[in-house]
Amino acid sequence: MDFRELNYILAIAKHQNITKAAEALYMGQPNLSKFLAGLEDELGLKLFRRIDGKYIPTYAGERYLSYAKSILETKASLDAEISDIIKRDIGVLNIGLPNMRCTYMLPKTLPAFNKKYPNVKINIFEGTSSAIDKRLLDGDTDLAFYSKPHKPNPHLEYETLAHEELLICTCRNHPVKSLADSSGHLDLSALRDERLILLSPEQRTGQISRYWLQCAGIPLSNSITTNNMPAVISLTEQGWGVSFIFESHLRWHSPKPETDTYSFGEPKVMSDFVASYRKGSYLPVYAREFINVARELYA
């Protein structure tokens, strides 16, 4: 069995369909079907059950897939390290970014990185923090940049690049302004009767803001949820509700938001902005350089 054949099995499991898997692999469906039948005959057991037209892994299939992923991850690490040793500086870097981070990070990091590594192809995945974590664990993304979760995943490494404050945001001169102290701190209890504009719980900002609201006993019944940060900022500017946004999002947003901001109180609600990657994976030199470029942006 060669490495391509491991990818064949992973593709069948991912798409649960021979035709779709063959299309993704750029090969003919009959050839893929013949390969699977031959492999199952060779092993003397079935790797997939056919249920309602879907290919569902058997227990043996699950074990095969687990080892296949591990082998391919090891090979990817070996290829990257060998590439560094012979100093080719050629490769592919798959990066995951939340949508809002992507808006302001890419224009400031990609040009600087490309000057040093013009032969490295960058692939970008934009999505929620939860979706990015899944891609990191599945090996589809090499490196991600986002806010560190409250409960770190034990299979991921987190390298802190900066510390960010989560702020309460309102329109200019919102009535809660009179409840803030002279240092700009606002107790969450002041928001008990306010409409809240929340980001999805699949997004890190949404997770963290919900955590603190629940700790303060603030009901979430009078709230709206969206995945769209620009919409959150616009609704906040219009006075439609109160939101929770990291200071870096406000700093880099263009045009500068017409909002008032407040700290949650003392201590401030802080979060680590991190570079994340699979634990035990080898990061090539050019991946390390991209981390350094991102660190400089937040310095």
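The chat below goes through a predicted model of one protein chain.

Visitor: What does the secondary structure of the protein chain come to?
Guide: In this predicted model, the secondary structure of the protein chain comes to 10 helices and 11 strands, and the C-alpha trace spans about 75 × 50 × 30 Å along its principal axes.

Visitor: And how many of the residues count as buried?
Guide: Of the 299 residues, 45% count as buried, while the chain exposes about 15600 Å², of which carbon and sulfur atoms supply 51%.

Visitor: Switching to Glu-159, where does Glu-159 lie, and is Glu-159 buried or exposed?
Guide: Glu-159 lies in strand S6, which covers residues 156-171, and Glu-159 counts as buried because its relative accessible area is 19%, with the cut-off for buried set at under 20%.

Visitor: Which side chains make a polar contact with the side chain of Glu-159?
Guide: The side chain of Arg-288 makes one, at 2.7 Å, and the side chain of Arg-295 makes another, at 2.9 Å.

Visitor: What else does Glu-159 touch?
Guide: Leaving aside residues up to four places away in sequence, Glu-159 also touches Phe-273, Val-274, Ala-275, Tyr-277 and Ile-291.

Visitor: Now helix H10, how many residues does H10 have, and what does H10 reach from its first C-alpha to its last?
Guide: Helix H10, residues 285-298, has 14 residues and reaches 20 Å between those two atoms, close to the 20 Å expected at 1.5 Å a residue.

Visitor: Which residues of H10 are buried?
Guide: The buried residues of H10 include Tyr-286, Phe-290, Ile-291, Val-293, Ala-294 and Leu-297, and Ile-291 is also one of the residues that Glu-159 touches.

Conventions:
Residues are numbered from 1 along each chain as its sequence is written. This is a predicted model: local features need pLDDT of at least 70, side-chain atom pairs count only at pLDDT 80 or more; totals for chains, interfaces and linings use all residues. Side-chain values use heavy atoms; hydrogens and water are left out. Helices (H or I, at least four residues) and strands (E, at least two) are DSSP runs, numbered from the N terminus. Buried means under 20% relative accessible area, exposed over 50%, partly exposed in between (1.4 Å probe, protein chains only). Accessible areas come from the Shrake-Rupley method with a 1.4 Å probe; for residues, only the protein chains shown count as cover. The expected span of a helix is 1.5 Å times one less than its number of residues. A polar contact is a pair of N or O atoms within 3.5 Å; within protein, one must be able to donate a hydrogen and the other to accept it, and residues adjacent in sequence count only if both atoms are side-chain atoms. Contact means heavy atoms within 4.5 Å.
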